[in-house]
Amino acid sequence: MDQILRTASIDDAEGRPLVNVLTLSSPMFSGESLGDLEENSATYIRRISKYFQLVGEHKNVYIMGYSRGAAVGLQMLIDIEKKKEALPWAKNLKGFISLGGVLYGAGLADATFDEKDQ
């Protein structure tokens, strides 16, 4: 588990965690990052659930996605919302952090450059 899920926290002066960040990764050369976003999302949600079963729930959890993981992470947010009743830890999920993720921007932003739309 320590090879595919890393956790860190930002703590207060007494050492109590204020924020917990889970960083998910695929084992090197496993090929599992080649699936579609829904497949990757299901894999990581299963792993996070297992993690919380083992160590207990954390408060103020943020998921971080790096590179393609940003797109996977956004899919995870959709999937977590759909099944949050079955995921007790989901109530503590406060946000998502993208690090170097390619998120393709917004189509509406592109329209601002189109003279016919102005």
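Guide: A residue is called buried when its relative accessible area is under 20%, exposed when that area is over 50%, and partly exposed in between. The model here is predicted.

Visitor: Why is Asn 92 called buried?

Guide: Asn 92 has a relative accessible area of 11%. The limit is under 20%, so Asn 92 counts as buried. Asn 92 lies in the loop between α2 and β4.

Visitor: Which residues is Asn 92 in contact with, leaving aside its neighbours within four places in sequence?

Guide: They are Glu 57, His 58, Lys 59, Asn 60 and Val 61. Contact here means heavy atoms within 4.5 Å.

Visitor: One of those is Asn 60. Is Asn 60 buried, partly exposed or exposed, and why?

Guide: Asn 60 has a relative accessibility of 30%. Asn 60 is found in the loop between α1 and β3.

Visitor: How do you know that the length of helix α2 agrees with its number of residues?

Guide: Helix α2 covers residues 68-82, which is 15 residues. At 1.5 Å a residue they should span 21 Å, and the end C-alpha atoms are 22 Å apart, so the two values agree. For α1, the 19 residues should span 27 Å and the end C-alpha atoms are 27 Å apart, which agrees.

Visitor: What do the buried residues of α2 pack against?

Guide: They pack against β2 (17-24), α1 (37-55), β3 (61-66) and β4 (93-99). The buried residues of α2 include Met 76, Asp 79 and Ile 80. For α1, what covers the buried residues includes β1 (5-11), β2, β3 and α2.

Visitor: Why does Ile 45 count as buried?

Guide: Ile 45 has 4% relative accessibility. The limit is under 20%, so Ile 45 counts as buried. Ile 45 is found in helix α1. Leaving aside neighbours within four places in sequence, Ile 45 is in contact with Met 76, Asp 79, Ile 80, Leu 87 and Trp 89.

Visitor: What makes a set of residues a nonpolar core?

Guide: The largest nonpolar core has 17 residues, and Ile 48, Met 76 and Ile 80 have the most contacts inside it. α1 gives the most to this core, with 5 residues. In soluble globular proteins, nonpolar side chains tend to be buried together.

Visitor: Which residues does Met 76 touch, not counting those up to four places away in sequence?

Guide: Met 76 touches Leu 24, Ser 41, Tyr 44, Ile 45, Ile 48 and Ile 63.

Visitor: What lines the largest pocket?

Guide: The largest pocket is lined by 18 residues, and Leu 24, Ser 25, Tyr 44, Tyr 66 and Gly 69 lie nearest its centre. Its volume is about 350 Å³. The largest share of the lining, 5 residues, comes from α2. By class, the lining has 8 nonpolar, 8 polar and 2 charged residues.

How values were computed. Residues are numbered from 1 along each chain as its sequence is written. This is a predicted model: local features need pLDDT of at least 70, side-chain atom pairs count only at pLDDT 80 or more; totals for chains, interfaces and linings use all residues. Side-chain values use heavy atoms; hydrogens and water are left out. Helices (H or I, at least four residues) and strands (E, at least two) are DSSP runs, numbered from the N terminus. The expected span of a helix is 1.5 Å times one less than its number of residues. Buried means under 20% relative accessible area, exposed over 50%, partly exposed in between (1.4 Å probe, protein chains only). On a 1 Å grid over the protein atoms alone, a cavity is a set of points where a 1.4 Å probe fits but cannot get out, and a pocket is an open set with protein on both sides within 12 Å along at least five of seven lines; lining residues have an atom within 4 Å of a point. Grid points are joined across faces, edges and corners, and a volume is the space filled by probe spheres set on the points. Ala, Val, Leu, Ile, Met, Phe, Trp, Tyr, Cys and Pro count as nonpolar, Asp, Glu, Lys and Arg as charged, and the others, Gly among them, as polar. A nonpolar core is a set of buried Ala, Val, Leu, Ile, Met, Phe, Trp, Tyr and Cys residues joined through side-chain atoms within 4.5 Å.
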